[in-house]
Amino acid sequence: MAEQTQPLYVVSPSPHIHAGDSVRRIMLAVIVALLPALAWALWRFGWNAARLVAVCVSACVLAEWVARRLMRRDAGIDDFSAVVTGLLLAFNLPPSLPSGMAVAGSVVAIVAAKQVFGGLGYNPFNPALIGRVFLLISFPVQMTTWSEWRIPAPAPGLEALTTATPLGLLKTSLGQGVMPYRFDAATAWQFFLGWKNGCLGEVSGLALLLGAAYLFYRKCIYWQVPVFFIGAVAAVAAVLWKLDPAHHLPPLFHVLTGGVLLGAFFMATDMVTSPITRLGMAWFGAGCGLLTMVIRVWGGYPEGVSFAILIMNALVPLINRYTRPRVFGHGRRG
Amino acid sequence: MTEYLLLILSAVLVNNFVLTRFLGICPFLGVSKKLPTALGMGLAVIFVMTSASVVTWALQAWVLDPLGLGYLQTIAFILVIATFVQFVELALKRHSPGLHRALGIYLPLITTNCCVLAVAVINVRNRYDLAHSAVFGFGAAAGFALALVIFTGLRERIERAAPPRAFRGTAIALVTAGLLSLAFMGFAGLVKM
Amino acid sequence: MTMLRAARRSPGGVHPAYRKEATQGRPIENMPLPPLLRVSLSQHLGAPAKPLVKKGDRVRRGQRIGEAVGFVSAHVHAPTSGTVQAVVDWPTPAGGMQPAVEIVPDGSDEWAADLAPCADWAAADSRALLARILEAGLCGMGGAGFPTHVKLGPPANKPIDTLIVNGAECEPCLTADHRLMVEQAAGIWTGARILRRILNARTIRVAIEDNKPDALAAMEQALAAAPEADAAIVALPTAYPQGAEKQQIYAVTGREVPSGGLPMDVGVLVENVATALAAAEAVVEGRPLTERVLTVTGRPVARPANVRARLGTPLSDVLAFCGGLREPAAKAIAGGPMMGLALPTLEVGVAKTTSGLLFLAPDAAPAFTSLPCIGCARCVEACPMRLLPAELSQMLEAEDYETAEAYQVLDCIECGCCAYVCPARRPLVQHMKQGKARVALKRRQQQERKAQA
Amino acid sequence: MFTAVIAIGLTGAACGAVLAVAARLFAVHEDPRVEELMAALPGVNCGGCGFAGCADYAKAIARQQAPLNLCAPGGAETVQKLAAVMGVAAAPLARKVAIVLCGGDRQRAARKFCYNGIADCAAAAAVGGGDKLCGYGCLGYGSCARVCPVNAIEITPGGIARVHPELCIGCGRCVRACPRRLIHLVPAERFIHVLCSSKDKGPVVKKACQVGCIGCTLCTKLAGGAIKMDGALAVVDYAQPLENEAVIEKCPGHCIVKVPAT
């Protein structure tokens with residue numbers, strides 16, 4: 001009937017061409033986008049940053065390799081997703097964190113938050129954030145010891161060194177109704193450039209924005225999540241600041257401090273754990289921003305970004321279900 | 001009025017009965033397969049817990065305390081809760097057999113649901129008056145329903161996941177519930193009780 | 001007012017490199033008769049035709065050799081004069097086995113005078129014209145293959161006011177329609193007028209993508225030469241799937257075909273330019289459909305070309321006419337790279353719906369994998385029907401057909417945009433096809449059970 | 001102590017009264033036998049009886065709309081229990097196991113093309129008519145193995161489905177799952193089978209597979225009526241006994257095999 005004219009043809013369902021992107025290239029793009037923040041962290045925190053990043057990335061990759069072998073699955077480390085998780089986890093750690101804890105956080109992030117569900121694409125929660133929250137709750141002291149930074153004192157001319165983060169100061173001093181320091185254009189510029197302490201990756205807003213621009217260019221993230229996230233933070237902060245300027249700082253402060261920029265552009269936009277419809281992404285971002293401010297202003301922790309994103313990750317299946325676009329040919333006259 | 005609001009807020013978010021106090025885990029795992037069933041279970045639990053709080057408070061204040069029978073608290077409470085659950089089961093069987101069949105064994109199991117008994121006992125221990133008991137009962141049930149609905153959404157997602165053979169089914173559900181409660185810890189200290 | 005812009009931009013869609021340079025400048029070449037023709041009796045949607053000839057019969061070109069069976073079917077005609085060698089079951093591009101008539105051409109190519117040519121078709125009654133279209137065995141030549149006479153006979157309560165002639169040819173690599181528009185623009189306009197006469201529609205719109213400037217110019221000149229009331233050309237922005245029926249109707253007229261409905265529900269009808277030309281030849285010259293133009297292209301092909309081949313010409317002969325393969329090909333595709341059918345063998349005859357023969361070298365044929373979906377939402381972005389391919393494919397993998405039906409899997413037009421952009425290279429279109437088949441089967445079973453109860 | 005008994009007794013009485021009223025208000029009639037039938041069924045919910053699960057099958061029996069011997073996994077003793085509940089005598093059911101009537105794995109059956117797509121038989125069969133040259137053969141993508149509730153079907157390294165008779169409970173899910181209808185339920189004790197389902201003629205089968213039935217009809221003579229010809233394909237008629245092992249050696253197509261009976 002059909003003799004073999006030449007080697008067997010490959011037969012597959014349509015389409016037979018492809019846009020060319022792959023999971024590996026996306027993960028590489030995210031890594032490249034993280035490089036500016038990494039460079040600033042190395043420059044700002046020196047050896048500690050290098051140590052932590054190396055420990056986290058290698059621990060994550062090793063944990064993934066071992067987990068995949070135990071689960072007798074293909075060694076999935078070639079898609080660099082473990083490297084991304086390691087980098088993002090390191091960016092969420094204080095520079096002085098001991099390496100042992102960083103390894104523990106990495107193992108929890110990769111095994112408990114990702115591989116136990118079957119690997120990349122099945123995890124409902126952002127692995128790096130699970131690792132960070134696990135460490136924050138297990139080792140509260142080590143996770144909240146920071147490096148020093150020069151504080152613009154309330155009265156001009158006075159300079160002081162402190163190891164508390166801008167948000168930490170806000171939480172403690174505002175408790176007694178005292179404004180920790182004046183927050184003006186110069187301080188805002190100082191915070192934006194990165195002259196403050198905090199976790200490795202969240203210090204320099206400028207570096208994060210550079211990375212985010214690259215991600216937009218490579219179409220790895222959509223604008224809905226970051227814009228609504230930062231918008232919600234700014235909106236809530238603005239309302240509170242208007243109502244009671246004595247006890248609240250302006251919205252620019254809340255956007256430039258803590259993990260908002262890192263969270264909005266890199267953590268909340270993680271493809272696997274964010275909604276797939278544009279409307280859903282908007283709700284997701286707004287939810288993250290709102291919860292961040294609720295925890296920061298009324299909650300027990302000085303920083304709420306990690307918890308906010310994790311809680312919104314839990315809501316993603318419901319968001320996806322209720323924000324479906326109107327199918328072509330339905331609705332108006334369908 | 002804000003006091004009641006704070007009470008509800010603390011019962012739903014800060015000390016969520018399922019995610020922070022780890023009560024009512026068996027219906028939480030058993031009924032979280034399909035969203036409509038979970039919603040049905042949530043409403044049933046809200047009805048039972050709110051009414052049980054009121055009646056148990058009355059029982060405690062008017063019967064057990066004056067007669068000094070505090071030690072019979074558990075038996076009396078369970079008696080009342082069982083009656084409410086049986087009442088709900090008969091009503092559901094009559095008015096929505098679909099939901100009744102979907103909830104299956106988990107409807108009568110509300111009797112043994114530790115959330116219901118816990119809310120009654122907490123009301124008594126915290127010396128809440130009638131209004132506070134009812135509000136706290138409603139808040140606790142709302143917290144349970146919220147956690148159940150969120151978890152059902154997650155459960156439908158991880159049904160499609162491919163965990164290793166040892167983790168399939170309830171094991172992966174428990175891991176997810178653990179991570180969810182980790183996330184809910186963010187609300188710690190939200191309300192200064 | 002003969003050149004219009006698109007009324008609306010249809011949602012979603014992708015922009016693949018359209019790789020038409022190899023053949024868009026080359027005029028159509030007529031292919032000589034092959035040693036053997038294998039004419040399939042199932043070249044159209046609907047029931048395959050019933051063979052009228054048997055082994056040893058002598059046939060002439062245009063003589064009917066296959067009778068349409070039932071309403072949705074089409075006649076099949078002998079592509080040339082010769083003797084019938086056999087009537088045999090043969091694989092079709094889709095892989096099923098259907099009857100086919102093997103004819104050995106005798107080289108005289110003598111026409112059978114079955115259909116009388118009628119030049120003044122404007123005077124003829126529209127029902128006679130429709131009968132001629134049925135007689136000529138026309139079917140959609142864009143790729144679907146829906147019998148044209150069925151399409152041109154909508155029920156009375158569904159009037160058609162706009163006829164759209166589809167010259168978009170949004171599939172990359174294919175240039176058959178493009179060359180037809182450049183070389184036979186007048187014939188296409190005649191065909192369009194005939195179709196409008198049959199439908200007594202008010203407006204004619206010829207939709208062409210703006211990446212074919214010479215085709216736009218040729219069609220505009222032909223229209224200027226013989227001006228026509230309420231007829232215009234619409235230059236659509238180049239995008240895939242601009243040529244899909246529902247998307248083109250929305251882009252040209254702004255109307256949205258309802259889900260599960262047909263274009264006639266919104267008073268529109270779409271016909272391919274090749275079908276319009278074939279209608280003109282059937283009516284004016286009295287010639288049934290016996291040949292068609294297809295693009296033979298792809299890096300492995302020695303001499304890519306647009307070939308006018310007789311229906312039933314084995315694709316291996318068409319390839320030989322184009323100089324054969326100069327490097328091994330991994331895939332042979334009937335149609336375009338986005339919606340074409342990968343062929344197991346080249347021993348298949350050219351059908352009325354074969355718009356192209358594309359060969360992909362091993363490095364240019366990306367493979368599907370079963371990697372898990374990472375929720376990057378690019379397929380949601382690309383889907384022209386605004387479905388959620390990511391969610392649907394995961395549901396269909398878990399065989400949850402109820403939810404898939406609720407997520408409107410039946411509205412999927414299998415255009416391939418989602419699988420084209422999916423970074424995890426998942427076979428999304430295959431998931432959709434399987435899902436649609438299972439959901440349709442489930443609905444049929446429910447109807448049967450309801451009918452019994 | 002006395003007041004305790006009175007207090008709790010009164011509370012109990014009050015609750016009892018409330019429930020009594022509620023029971024009458026929400027009365028719902030239900031056939032008591034359905035529970036008993038449910039208890040008798042194994043509860044595998046495999047759908048082998050053609051109903052959506054044991055509950056539906058029990059309801060159908062209670063309404064006398066279904067015979068008692070449809071439950072394959074339950075086997076003979078379930079039929080007895082159901083008969084006891086309904087007070088009716090019922091014919092015992094012979095145990096059946098599934099078998100895949102195709103032997104041509106990757107080494108012995110030629111391929112038509114390299115398939116690239118979902119690893120599922122129904123999906124693969126829809127693309128280009130299946131990647132095996134033989135249009136009737138087993139594609140080996142495991143749709144049946146995934147559906148089997150007791151994992152009795154194994155996909156051999158050669159890429160063909162093979163049923164382990166000792167594990168099979170005869171529920172029939174694999175029969176419905178196979179897109180090429182290659183799996184049949186046969187009596188468990190039978191051990192001679194024609195492992196081919198190709199209706200093509202001899203020369204076509206010879207080119208497609210080394211272990212295909214070429215329609216030589218030799219086995220029908222030897223088996224004396226236990227094997228009949230369906231066109232060019234030899235088909236075992238399981239109603240008739242078949243013991244003659246000579247068929248196995250004599251078959252030129254090597255497609256008649258001895259499968260160890262359980």
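**Close-ups of a predicted four-chain model**D:D237 counts as exposed, because it has 11 C-beta neighbours inside 10 Å (exposed means 12 or fewer other C-beta atoms within 10 Å of its own, buried 20 or more, and partly exposed in between, with C-beta atoms placed from the backbone). This is a predicted model, where local features need pLDDT of at least 70 and side-chain atom pairs count only at pLDDT 80 or more, while totals for chains, interfaces and linings use all residues. Residues are numbered from 1 along each chain as its sequence is written, and chains are lettered from A and ligands numbered from 1 in the order in which they are written.

View 1. D:D237 sits in the loop between β8 (233-236) and α10 (246-250) of chain D (helices are DSSP runs of H or I with at least four residues, strands are E runs of at least two, and both are numbered from the N terminus). Leaving aside residues up to four places away in sequence, D:D237 touches D:A226, D:I227 and D:K228 (contact means C-beta atoms, placed from the backbone, within 7 Å). D:Q80 is 157 residues from D:D237 along the chain, with 29 Å between their C-alpha atoms. Strand β7 (residues 227-230) of chain D pairs with β8(D) in the antiparallel sense, over four bridges (pairing takes at least two DSSP bridges between two strands). In that pair, D:I227 stands opposite D:V236. The two strands make a hairpin with two residues between them, and D:G231 in the turn has a positive phi of about 70°.

**View 2. Helices α7 and α8 of chain B.** The axes of α7 (residues 130-159) and α8 (residues 170-184) of chain B come within 11 Å and cross at roughly 135° (axes are lines fitted to C-alpha atoms, for helices over the stretch in contact, and angles run from 0 to 180 degrees between N-to-C directions). α7(B) and α8(B) are therefore oblique to each other (under 35 degrees would be roughly parallel, over 145 roughly antiparallel, 65 to 115 roughly perpendicular, and the rest is oblique). On the α7(B) side, look for B:I150, B:F151, B:L154, B:R155 and B:I158, which meet B:I172, B:A173, B:T176, B:A177 and B:L180 in α8(B). By class, that contact has eight nonpolar, one polar and one charged residues (Ala, Val, Leu, Ile, Met, Phe, Trp, Tyr, Cys and Pro are nonpolar, Asp, Glu, Lys and Arg charged, and the others, Gly among them, polar).

**View 3. The five-stranded sheet of chain C.** The strands form an open sheet in the order β1-β12-β11-β10-β13, with parallel pairing. β1 (3-5) and β13 (268-272) of chain C are the edge strands, each pairing on one side only. The twist averages 30° from one strand to the next. Three bridges join β1(C) to β12 (residues 231-236) of chain C, and C:M3 stands opposite C:I233. Helix α5 (residues 185-199) of chain C lies across β10 (162-167), β11 (203-209) and β13, at about 150° to β10(C).

**View 4. Where chain A meets chains C and D.** The contact with chain C takes 38 residues from chain A and 57 residues from chain C. β1 (10-11) and α1 (23-45) of chain A each supply at least two residues of the chain A side. Over at chain D, eight residues of chain A are in contact with 11 residues of chain D. Here β1(A) pairs with β2 (residues 114-115) of chain D in the parallel sense, over two bridges, and A:V10 has D:C114 as its bridge partner.

Key. Two residues are in contact if their C-beta atoms, placed from the backbone, lie within 7 Å.
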